[in-house]
Amino acid sequence: MAIGSFNGPTLESARAAVEAAQELGVPLILQHAPAHDPYISLELAGKIMLALAEQATVPVCVHLDHGDSLETVMRAIRTGYTSVMYDASGKPFEQNLQETRKIVRMAHAVNVSVEAELGNLPHNFHGEMTDENPEAFYTNPEDARRFVKETGVDALAIAFGTVHGVYKAKPKLSFDVIRRVREATGGLPLVMHGGSGLSDEDYRTAIACGIRKINYYTYEALAGGRGIYQAVADHPQGLYFHDAAMAATAAMREDVLRILRIFSGGGQ
């Protein structure tokens, strides 16, 4: 199985994920990414997610996604995040290695685990991708071997053909990259970013090859939007915001339930 990792830029999205995990009795990761700072601060998101985690009936980790600086990582650790990702994947390999090693040393000193990234995932939030070759972004297994050995990271996000955002065409995935990186890194937990929008079989194959954490947000958020559209259609006379929020929560919960069943080895 793989653990689902869900962004919580709103109370509704975080609640939906926790409620779905509790219904299925599976562990969960809630996370905040700096890209969502315009909607909610790292500190406020962390306090909300930590409160939900403490009340949950299943294990819940609170994670910093795509931490882009030492300052951001330290803010997350001070807030109480239980794990952090430091993303220097856009920098030269040696710089990524040296900076990540420093982050690992600091985080491990206070019992916080660290995820890093090798390879580069393109973004397709607004359909900006056209003819990119996914092989140009793949993680190199030998680079991964050295990186993991010299940094001591606890998990590694890798590039094997997924993208951030909405898929406009069928993704070109290389499951062989997952297998080779997992072997090169001694079975280290591998992470899938850009995890929304794949087929059920793609998820299952990726998990079988070694993916152990899957980031999922875009399609959950779209489900919440559809829930609000339906609520508006059902109440043409007018709609209270709290009812709209509850409609979004219910729709996102159903989407998370569906995906967590797949991640945990079940069906629909």
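Reply: One definition comes before the questions. Buried means under 20% relative accessible area, exposed means over 50%, and partly exposed lies in between (1.4 Å probe, protein chains only). This is a predicted model, where local features need pLDDT of at least 70, side-chain atom pairs count only at pLDDT 80 or more, and totals for chains, interfaces and linings use all residues. Residues are numbered from 1 along each chain as its sequence is written, and side-chain values use heavy atoms, with hydrogens and water left out.

Me: Is Leu257 buried or exposed?
Reply: Leu257 is found in helix α9, residues 241-263. Helices here are DSSP runs (H or I, at least four residues), numbered from the N terminus. Leu257 has 1% relative accessibility, so it counts as buried.

Me: Which residues is Leu257 in contact with, leaving aside its neighbours within four places in sequence?
Reply: Contact means heavy atoms within 4.5 Å. Leu257 and Leu24 are 233 residues apart in sequence, yet 7.6 Å apart in space, C-alpha to C-alpha. With neighbours within four places in sequence set aside, the contacts of Leu257 are Ala20, Glu23 and Leu24.

Me: How are α1 and α2 placed relative to each other?
Reply: Axes are lines fitted to C-alpha atoms, for helices over the stretch in contact, and angles run from 0 to 180 degrees between N-to-C directions. Helix α1 (residues 11-24) and helix α2 (residues 42-55) pack at about 20°, with axes 10 Å apart. Angles under 35 degrees count as roughly parallel, over 145 as roughly antiparallel, 65 to 115 as roughly perpendicular and the rest as oblique. Therefore α1 and α2 are roughly parallel.

Me: At what angle do α3 and α4 cross, and which residues of α4 make the contact?
Reply: Helix α3 (residues 70-79) and helix α4 (residues 93-109) come within 11 Å, axis to axis, and cross at roughly 15°. That makes α3 roughly parallel to α4. From α3, the contact uses Leu70, Val73, Met74 and Ile77. From α4, it uses Lys102, Ile103, Met106 and Ala107.

Me: How many residues has the largest nonpolar core?
Reply: A nonpolar core is a set of buried Ala, Val, Leu, Ile, Met, Phe, Trp, Tyr and Cys residues joined through side-chain atoms within 4.5 Å. Those with the most contacts inside the largest one include Leu28, Leu30 and Phe160. The largest nonpolar core has 66 residues.

Conventions. Helix = DSSP H or I, 4+ residues; strand = E, 2+ residues; numbered from the N terminus.
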